[in-house]
Amino acid sequence: MPEYPNEVVTKALVRLVPVPGLDKPAAVITLDNGFDYKKPNSFGPGGLASLDEAITKATEADPAFIALTGKPYIFCVGADITGMPFITQREQAKALGELGHRVFARLKDSTIPTFAFINGAALGGGLEVALHCHYRTVSGGAAALGLPEVAIGLVPGWGGSQLLPNLIGVPGAAQVILQNPLTQKVLKPKQAAEMGVADALFEPADFLESSLAWAAGVVKGEVTVTRPEVDRDMWDGVLFFAKQQLDEKLHGAVPSANKALELLGLAKEASFADGTAAETEILADLIMGDEARASLYAFDLVQRRAKRPVGVPDKELARKVTKVGVVGAGLMASQLALLFARRLQVPVVLTDLDQARVDKGVAYVHGQIDKLVGKRRMDEGTAAKLRGLVSGSVDKSVFADADFVIEAVFENLELKKQIWAEIEKIVTPEAVLATNTSSLSVSAMAADLEHPERVVGFHFFNPVAVLPLLEIIKGERTDDATLSTAFAVGKELRKSCVLVKDAPAFVVNRLLTRFTSEVFSAIDAGTPLDVVNTAMDPLGLPMRPIALLQLVGPAVAHHVGETLHGAFPDRFVDSPNLRRIAEAGIPLMVDDEINPEVVKLLEVGSAPSTAEEVRRNALDALAQEIRLMLDEGVVAEAQDIDLCMVLGAGWPFHLGGVTPYLDRSGTSERVTGKRFLPQGVANVPA
């Protein structure tokens, strides 16, 4: 068994609780690591040992039933993955799997009725221990339920792959174990109850009391729990379809997904003992593999580095924001207005050239609020407040008392300079002026202003409500108070902020454009579009190049490409074919296939590349560009580039980020002469 030197042990605390109507008390086991909800319960070797002892103690008390619950807001979020780096041998990984199986099975095999009272977040091993209990209740206030292991290169390894499909059927299990992790989704309490993951749903205010009373009813025979019979006739068909979907989306690049599918297939006929034994073997293999280690590196970036951005000035310098101005009322500007109103809860006012545009922007915001109410994601009282906070005007004087003004207009430097020159005369000298530019120089934008120190880049990614990354760009003269305010606002917006130097296209767009530049160089040289489009399949990227280009928009991609070609003409190609596609304005994809009309537009050479050559050239280009960006000080460290690409470009967790993949594949050393990360980080080989 591996030792976790820094394990924060989640203790399992037993208390006997009298329950009205029962002669015996209930034994309630509460999982609690001694911290608040910000440090969730998890299971390492010490936590599993504590639960084992608690089950023994509860059983010896001969209670009416045993109930497992968690500390406020948290049930348990699964295995303690901070200890994974200490697992250095396969036998250690196997021993951890076997320990979890043995302890959890005591709840499943208990002759005393066992209940899980899921009072808060229950993920991974946390949901698995609940599945071992005979019955489950869930609080309507539980933040999330799920089995997200596939997303970090693992599989449910403590019984989830065998218990869940035999509880709710294989379609629902495939959704929870495969589809949700790969699309970064979780179950909400109501959905979990509707699917049959939980037997009863109770309000959070009196959740424990309601759960105890319900459990007493079950024990006395007054409450009957009925579960639909699992349809086994459709089992193989569902998994066949799931395999097709995986192959189409991931192209075999995510071993954990295929292994999870294998375990779901085994759950149809195998005994529980055989199924869990297979889980243990597969989990041990995956824990020792590159994908899991890389995924854990990416997970750590998202969970830790994103919450503690590097290089941020003292937060005490941040100014209070009581009103926000938005220049522009188009789609991006309207999305920003909604986000600021929802998160900051302050007045937000949009301006544009004419009343019709302003009215359209405000109407969009109000419409999105109405949709949230319709989906029951917002109550009418909150909606009414937000509608009142968002307004519009054609007169920029409404910005006079705004503390924070952001522009989201067309990417033209002179236009943006003109806007800021006009607004500077209206706002106070302390008001922060933020630009949502995707590629233009923040310093150049502020150069002619009386107070250039209060201009900062605030680069969001589309769709604004979904993508969590916010690149915050420090201009040459941006002062610490402005920068501190920008990061404070970004945090309030619930975005993951990364400090970026004012360099052309910043991080994500610079790397994606270099990637696109290589792709179109291959197309211009004569490589067939379908060969280029499938060349990256072995990486398992979320989108193929042409689909990504369609999402970004050829016109936007070409504009950013022109900016970077102007800055670095030796590395960024101004592709004539990309220009033609952008000017044509026709869709790149039709019914998920490359549009034949696009193919007709291309003028190509006679030196085609193979798919392997396209992939190698693209990865070489990324390695070169990242090394140059680090040398230029665009970000503090390689980890910041990885964080940007994971959160802003969807770079998959199983690759761990761009730089560890380039290190593992040998690309970094071959192209730049050295690695990006130290040995041992993200399983980079020595």
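Okay, let's start with a quick one: in which helix does E248 lie? That's helix 8, residues 235-250. Helices here are DSSP runs of H or I with at least four residues, strands are runs of E with at least two, and both are numbered from the N terminus.

Before I go on, the ground rules. This is a predicted model, so local features need pLDDT of at least 70 and side-chain atom pairs count only at pLDDT 80 or more, while totals for chains, interfaces and linings use all residues. Residues are numbered from 1 along each chain as its sequence is written, and side-chain values use heavy atoms, with hydrogens and water left out.

Back to E248, then. Together with D591, D592 and E593, E248 makes up a negative surface patch. A patch takes residues with over 30% relative accessible area and no salt bridge, joining like charges within 9 Å and nonpolar side chains (Val, Leu, Ile, Met, Phe, Trp, Tyr) within 5 Å. Areas come from Shrake-Rupley with a 1.4 Å probe, and for residues only the protein chains shown count as cover.

Why do we call E248 exposed? Because its relative accessible area is 59%. The cut-offs are under 20% for buried, over 50% for exposed, and partly exposed in between, with a 1.4 Å probe and protein chains only.

There's a positive patch as well, formed by K188, K371, K375 and R377. K375 sits in the loop between helix 13 (355-374) and helix 14 (380-389), and with 57% relative accessible area K375 is exposed.

And then a nonpolar one: M543, L551, V552 and V556 form a surface patch with about 330 Å² of accessible area together. V556 belongs to helix 21, residues 554-567, and at 44% relative accessible area V556 is partly exposed.

Now, salt bridges. The rule is a side-chain nitrogen of Lys or Arg within 4 Å of a carboxyl oxygen of Asp or Glu. How many salt bridges does that rule give? The count comes to 36.

Let me show you a few. R304 and D300 pair through their side chains at 3.0 Å, N to O. R304 is partly exposed at 31% relative accessibility, and D300 is partly exposed too, at 33%.

Next, R305 with D640, where the closest N and O atoms are 2.8 Å apart. This pair links distant parts of the chain, 335 residues apart: R305 is in the loop between helix 11 (290-303) and strand 10 (324-327), and D640 is in helix 25 (residues 638-649). Buried or exposed? R305 is buried, at 16% relative accessible area, and D640 is buried at 5%.

Then there's R510 with E625, again a salt bridge, with the closest N and O atoms 2.8 Å apart. R510 lies in helix 18 (residues 508-525) and E625 in helix 24 (residues 611-632), so this one ties together parts 115 residues apart in sequence. R510 is buried, with a relative accessible area of 0%, and E625 is buried with 0% as well. The two also belong to a network of salt bridges that links R510, R514, E518, D570, R571, E625 and E632.

On to polar contacts, meaning N or O atoms within 3.5 Å; within protein, one must be able to donate a hydrogen and the other to accept it, and residues adjacent in sequence count only if both atoms are side-chain atoms. Look at D537, in the loop between helix 19 (529-534) and helix 20 (545-552). D537 is buried at 13% relative accessibility. Its side chain contacts the side chain of H251 at 3.4 Å and that of R544 at 2.7 Å.

Another one is T667, in helix 27, residues 667-672. T667 counts as buried at 4% relative accessibility, and a polar contact of 2.8 Å joins its side chain to that of S665.

Last stop, helix 4, residues 160-168. Here 8 of the 9 residues are buried, so helix 4 is largely enclosed by the rest of the structure. Among the buried ones are G160, Q162, L164 and I168. Just after helix 4 comes G169, with a positive phi of about 95 degrees.

Notes. Lys, Arg positive; Asp, Glu negative; His and termini not counted. Charge placed at Lys NZ, Arg CZ, Asp CG, Glu CD.
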